[in-house]
Amino acid sequence: KYAEKWTEVDHYLVHHLVESDPVLKQVLENNHQAGLPAHDVAPNQGKLLAMFVQMTGAQKVLEIGTLGAYSTIWMARALPASGSVITLEADPHHARVAQTNIELAGLQDKITLHTGAASDTLPSLVAHAPFDLIFIDADKPNNPLYLEWALKLSKPGTLIIGDNVVRDGEVADPHSDDARVQGVRRFIEMIEKEPRLSATALQTVGSKGWDGFVLARVTG
Ligand code: SAM
């Protein structure tokens with residue numbers, strides 16, 4: 001009942017506050033043409049990620065779950081000249097589309113895309129650590145593993161962001177038989193118990209439905 005209204009409000013907010021950009025528009029079009037699922041963050045969320053990059057003064061960003069590199073491009077553009085993003089994608093088709101989009105945006109020197117399951121590619125990133133901002137947005141059942149890696153690859157001050165943690169409200173159901181919900185629940189409960197993290201989470205509604213994200217700051 002509310003979904004149409006949420007989308008209408010998102011359009012209003014994006015129209016007034018999020019600059020329309022031909023490259024990002026083309027990226028979404030390319031993703032659509034290539035048959036990628038429309039699981040990219042919304043434009044106002046992309047800008048929020050960019051603002052987090054700027055507010056934290058991040059130089060090194062890690063993203064788990066590239067899809068067509070829409071969020072990757074938002075974050076890379078917000079970095080200083082010396083900044084860089086490493087992004088991990090398991091699906092070779094998604095990765096090919098993403099690489100085309102990264103080149104379209106002229107960001108091939110700033111963004112390094114690793115193709116393969118993140119569980120296989122994460123160990124190779126120890127040499128690039130610590131990251132200043134880590135965006136976890138891949139297969140949700142593996143969120144607990146990604147949190148462990150995020151902690152290994154972080155330093156005090158690192159901001160860890162986890163997307164899609166509300167899942168139409170399902171996250172509050174301890175008996176859910178959805179492995180993604182259970183992955184997110186374990187992720188949240190691991191954050192709760194981790195003394196090195198200070199965290200909060202927000203529910204969001206909008207063009208992407210009812211969902212939300214976790215923000216966890218490494219404190220020590
Ligand atoms: N961050 C992207 C954006 O906002 O534009 C959206 C990412 S989409 C929600 C999740 C992506 O994670 C998909 O492209 C999927 O193929 C990828 N993925 C799924 N399992 C993965 C894994 N084990 N390792 C790395 N990537 C994975």
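I began with Gln 108, which is exposed because 12 other C-beta atoms lie within 10 Å (a residue is exposed at 12 or fewer such atoms within 10 Å of its own C-beta, buried at 20 or more and partly exposed in between, with C-beta atoms placed from the backbone). I noted that this is a predicted model, in which local features need pLDDT of at least 70 and side-chain atom pairs count only at pLDDT 80 or more, while totals for chains, interfaces and linings use all residues. Residues are numbered from 1 along each chain as its sequence is written.

I placed Gln 108 in the loop between helix H5 (92-104) and strand S3 (111-115), where helices (H or I, at least four residues) and strands (E, at least two) are DSSP runs numbered from the N terminus. Leaving out residues up to four places away in sequence, I found that Gln 108 touches Ile 102 and Glu 103; contact here means C-beta atoms, placed from the backbone, within 7 Å. I also looked up Trp 6, which is 102 residues from Gln 108 along the chain, with 35 Å between their C-alpha atoms.

Next I turned to the largest nonpolar core, which has 58 residues, and saw that Val 61, Ile 73, Met 75, Ile 134 and Ile 136 touch the most other members. Such a core is a set of buried Ala, Val, Leu, Ile, Met, Phe, Trp, Tyr and Cys residues joined through C-beta atoms within 7 Å. Helix H4 (residues 70-77) gives the largest share of this core, five residues. For Ile 136 I listed contacts beyond four places in sequence, among them Ile 64, Tyr 146, Ala 150 and Ile 160.

I then checked how helix H3 (residues 43-56) packs with H4, and found an angle of about 35° with the axes 8 Å apart; axes are lines fitted to C-alpha atoms, for helices over the stretch in contact, and angles run from 0 to 180 degrees between N-to-C directions. On the H3 side the contact includes Gly 46 and Leu 49, and on the H4 side it includes Trp 74 and Met 75.

Conventions
Contact = placed C-beta atoms within 7 Å.
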